[in-house]
Amino acid sequence: MRGRVSHLRPELSIVVCVYDTEESYLKECLGSIVRSDLSDYEIVIADDGSHKDYSALLAAFPAVRYLKLEHRGLSAARVAGAQSAEGKYIAFADSDDKVSFSYYSRLLEAMRRGRDVAVGGWACLTENSIYRFSLDGTMRKPRVLTENVYDFFFERAGREHSRYVAWNKMFAADLLKGAVGEMKACLPDFPLGYAEDVLLSHFALRRANSLEVVQGGWYFYRLHGGQMVRADTAEKLADNLRCACFVFDEIEKSPLGERRAKALRAWRALLAKDFCARAEKVSPELLREAEAFGHGRAARRGFVSTVHALFPDNLFEYDELLHEIAVQGGGTLSGGGCAYFEQELARLQKERGITAERVKRGGVFSVPAPKISLKNRLRHNKALCVAADVLFPPGGRARERLKLLW
């Protein structure tokens, strides 16, 4: 189920920005997209001046269009990728992440209903487990906004990533191209690689007249040591501070009104708390700068979305089965107990007439039972997570020792 690159305008453009990404991650990212149930799409690779040669890897993905750019940071790469995109709708994917079988098609369903923006579900992908933040309000139920869409950006004052990141959203192309045009005009003379999602979403949601929160399908955000957002050195922390100051100062220039301005101040205070905790650990000399970012205020409470729900260890096996059903045209599927899988199978049966009676010879005959190891059950137990936040506050030495134990 691969997309096509032709003279005809594709329905969807997926912009994937790359900067020296591990080839195994990029291969998984692109593989998850082409294995999905999309049929009319393109993948735009915006290469932000990588030192690596990806030509051999990309040759296996005919839906890819490659842009080689000068190194100017993730923000500039996203701008270039979006401006080059030819689709009616545009989505972003980070090059080290992956998506579930029906993730983009669910968002497309909302966009075809005339929405300006669609917001999808997401989960964290780690070496040990996959989990979603259960206190993220966008995960709980579908939602449609046809007025005050910009307020969606400020709700929860930065406590829910899903409201301001770029990779869990799909945009109408005209809207996004206008937003990245504004963004391009204000980009700084240094690479903007942290909090740039906040700036992009600010410009896009400010223009939007409708937004739909979609349930079903998942974007898997990979957590690993090489991420730009990890401020584990003085150099990274200083760069993150510089980027965050630029982004939030830029947003503050907009006519926000008192309610939004108050939410933005609370957002800065929340980030200031995190910056201060990191400064105490990696670079005490940056502590004053971290405090200044929050205008002298630091949130008393951190991110409340630390409580999360664990996915079965074999979630991707379900995706593999969905792919095989779609490719082969039928299958016998039983058991499972995974709501995600059951929803997707029901959708395939309804939309494509695919039955669950039998698979072709050599196909998959049963759904693997959900597996969650005892260690992961303990690691992600909600009560234990809440207790750990109280007994081992983030940023403290006791917290770091607890991480080593787990």
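The side chains of Arg207 and Glu182 meet in a salt bridge, with N and O 2.9 Å apart. Arg207 lies in helix H7 and Glu182 in helix H6 (residues 173-186), so this pair ties together parts that are 25 residues apart in sequence. Arg207 is partly exposed, at 38% relative accessibility. Glu182 is partly exposed too, with a relative accessible area of 26%. The model described here is a predicted one.

**Salt bridges**

Side chains of opposite charge can pair when their charged atoms come close. In this model the count comes to 27 salt bridges. Three of them are set out below.

| Pair | Closest N to O distance |
|---|---|
| Asp274 and Arg278 | 2.9 Å |
| Lys68 and Asp47 | 3.6 Å |

Take Lys68 and Asp47, whose closest N and O atoms are 3.6 Å apart. This pair links distant parts of the chain: Lys68 sits in strand E3 (residues 64-69) and Asp47 in strand E2 (residues 41-48), 21 residues apart. Is Asp47 buried or exposed? Asp47 has 0% relative accessibility, so it counts as buried.

Asp274 and Arg278 form a salt bridge within one helix. They are 4 residues apart in helix H9 (residues 258-282), which separates them by about one helical turn. An α-helix has 3.6 residues a turn, so residues three or four places apart point the same way. Asp274 is partly exposed at 23% relative accessibility. Arg278 is partly exposed at 31%. Elsewhere, salt bridges that share partners join Arg143, Glu155, Arg156, Glu160 and Arg163 into one network.

**Helix H7**

Back to the helix that holds Arg207. H7 covers residues 196-207, which makes 12 residues. From its first C-alpha to its last it reaches 17 Å, close to the 16 Å expected at 1.5 Å a residue. How many of its residues are buried? The count is 10 of the 12, so H7 is largely enclosed by the rest of the structure. Among the buried residues are Glu196, Asp197, Leu199, His202 and Phe203.

**The sheet and the helices across it**

An open sheet of 8 strands runs in the order E3-E2-E1-E4-E10-E6-E11-E9, and its pairing is mixed. Which strands form the edges? They are E3 and strand E9 (143-145), and each pairs on one side only. Neighbouring strands in this sheet are turned by 20° against each other on average, direction ignored.

Strand E4 (residues 89-94) pairs with strand E10 (residues 169-172) in the antiparallel sense, over 3 bridges. Ala91 stands opposite Met170 in E10.

Two helices lie across these strands. Helix H4 (residues 103-112) lies across strand E1 (12-18), E4, strand E6 (117-119), E10 and strand E11 (211-213). H4 runs at about 35° to E10. H6 lies across E4 and E10, and runs at about 95° to E10.

**The nonpolar core**

In soluble globular proteins, nonpolar side chains tend to be buried together. Here the largest nonpolar core has 125 residues. Which residues have the most contacts inside it? They are Leu12, Val16, Tyr104 and Met170. H9 gives the most to this core, with 9 residues.

Tyr104 shows what such contacts look like. Leaving out residues up to four places away in sequence, Tyr104 touches Leu12, Ile14, Ile33, Leu38, Ala91, Phe92, Ala93, Val99 and Met170. Both Ala91 and Met170, which stand opposite each other, are on that list.

**Two buried loop residues**

Ser129 is placed in the loop between strand E7 (122-125) and strand E8 (130-133). Ser129 is buried, with a relative accessible area of 5%. Apart from neighbours within four places in sequence, Ser129 is in contact with Cys124, Leu310, Asn376 and His380.

Ala157 lies in the loop between helix H5 (150-154) and E10. Ala157 is buried as well, with a relative accessible area of 13%. What does Ala157 touch, not counting residues up to four places away in sequence? Its contacts are Ala263, Ala266, Trp267 and Leu270. Ala157 and Arg268 are 111 residues apart in sequence, yet 8.6 Å apart in space, C-alpha to C-alpha.

Technical notes
Residues are numbered from 1 along each chain as its sequence is written. This is a predicted model: local features need pLDDT of at least 70, side-chain atom pairs count only at pLDDT 80 or more; totals for chains, interfaces and linings use all residues. Side-chain values use heavy atoms; hydrogens and water are left out. The expected span of a helix is 1.5 Å times one less than its number of residues. Buried means under 20% relative accessible area, exposed over 50%, partly exposed in between (1.4 Å probe, protein chains only). A salt bridge is a side-chain nitrogen of Lys or Arg within 4 Å of a carboxyl oxygen of Asp or Glu. Two strands pair if DSSP finds at least two bridges between them. Axes are lines fitted to C-alpha atoms, for helices over the stretch in contact, and angles run from 0 to 180 degrees between N-to-C directions. Contact means heavy atoms within 4.5 Å. A nonpolar core is a set of buried Ala, Val, Leu, Ile, Met, Phe, Trp, Tyr and Cys residues joined through side-chain atoms within 4.5 Å.
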